[in-house]
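Have a look at the sequence and the fold, then read on.

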Amino acid sequence: MQDIRLAIFDWDGTLMDSVGRIVACVQGVARDCELAVPAPTQIRQIIGLSLDVAMSRLFPLSSGSGSGSGSGSGSGSAFDDRQIAALIDRYRHHYLHDATPSPLFSGAGELLHDWRSRGLQLAVATGKSRRGLDRVLDETGLRPLFVTSRGADEARSKPDPLMLEQILDELGLSPRQAVMIGDSVHDMAMAEAIAMPRIGVTWGVDSRDALSRHGPVAVVDSMAALRGLL
């Protein structure tokens, strides 16, 4: 991978151990709105998607819905934009106040500093909103390491490759000069769509087998193994 000039990272589940917090917050939304509480395995499948897409998939409106923001009539109908926005607002409220720890994975900061010091450009492509991404970049002190980033509200939801294409256009690079690093099949599929090399990591939401179906150049089980690839 000698020609790689840019490493693009997913955030949740790749650099930050935030899966538990996301699960707790989504379940809090369901309880607030009197909706069926999704199991952790269901929630893990939507991590990385934009919030509007994630909420639509997790909470399809049915005749069994409660009286909260998702209530309505007609089995099999869908939430409208106003109701989805209400669910997202509750999620953001929970995320700001939830006490579930969400630290960087061990070795993540060291890896980023090492790659940057060796001249590799770094970027982020995440399912977080711009506001949420800016908050964690500032909280972790990692903002100076990244040359650019894209949140879900600045492009289309993964696995659409638009956010990757925007990053490449901004930096004047081709897909073969970059690598996408992520923990979910959404990350792998996004990069696969534009023939960008991709590396899966197994400490997030999806298994080695699931990640491998999208033809990554590698799937790694530790930050040290990832660090040795570039």
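Predicted model: local features only at pLDDT ≥ 70, side-chain atom pairs only at ≥ 80, totals over all residues.

Strand β4 (residues 178-182) and β5 run parallel and are joined by three bridges. Strands here are DSSP runs of E with at least two residues, helices are runs of H or I with at least four, and both are numbered from the N terminus. Two strands count as paired if DSSP finds at least two bridges between them.

Residues are numbered from 1 along each chain as its sequence is written, and side-chain values use heavy atoms, with hydrogens and water left out.

Now for the other neighbour of β5. Strand β6 (residues 218-220) runs parallel to β5, with three bridges joining them, and Ile199 stands opposite Ala218 in β6. Is β5 (residues 198-201) covered on one face or both? Both: Arg198 and Gly200 are buried on one side, and Ile199 and Val201 are buried on the other. Buried means under 20% relative accessible area, exposed means over 50%, and partly exposed is in between (1.4 Å probe, protein chains only). In a regular strand the side chains alternate between the two faces of the sheet.

## Strand β1 and its partners

β1 is another strand covered on both faces, with Leu6 and Ile8 buried on one side and Ala7 and Phe9 on the other. Which strands does β1 pair with? With β2 there are four bridges in the parallel sense, and Ile8 stands opposite Ala123 in that strand. With β4 there are also four bridges in the parallel sense, and the bridge partner of Ala7 in β4 is Val179.

Planes under 30 degrees apart count as stacked, over 60 as edge-to-face and the rest as tilted. The rings of Phe9 and Trp115 have centres 5.9 Å apart and planes at 35°, so this pair is tilted. Phe9 sits in strand β1 and Trp115 in helix α5 (residues 108-117), so to speak a link between parts of the chain 106 residues apart. Phe9 and Trp115 are both buried.

## Helix α1

Helix α1 has 14 residues and spans 20 Å from its first C-alpha to its last, close to the 20 Å expected at 1.5 Å a residue. The expected span is 1.5 Å times one less than the number of residues. How many of the 14 residues are buried? Ten are, leaving α1 mostly covered; among them are Val19, Ile22, Cys25 and Val29.

The cover over these buried residues includes α2 (40-44), α3 (51-58) and α4 (81-97), with contact meaning heavy atoms within 4.5 Å. Just after α1, Glu34 takes a positive phi of about 55°.

## Salt bridges

A search of the whole structure turns up 13 salt bridges. Each is a side-chain nitrogen of Lys or Arg within 4 Å of a carboxyl oxygen of Asp or Glu. One of them joins Asp12 and Lys128, with the closest N and O atoms 3.4 Å apart. Asp12 lies in the loop between β1 (6-9) and α1 (19-32) and Lys128 in the loop between β2 (121-125) and α6 (130-140), so the pair ties together parts 116 residues apart in sequence. Asp12 is buried at 9% relative accessible area, and Lys128 is buried at 10%.

Asp134 and Arg143 form another salt bridge (3.3 Å, N to O). Asp134 is partly exposed at 24%, as is Arg143 at 33%. Both belong to a network of salt bridges that links Arg130, Asp134, Asp138, Arg143 and Glu154. Arg156 and Asp160 meet in a salt bridge too (3.0 Å, N to O); Arg156 is partly exposed at 47%, and Asp160 is partly exposed at 24%.

Methods
Phe/Tyr/Trp six-rings, centres within 6.5 Å; stacked < 30°, edge-to-face > 60°.
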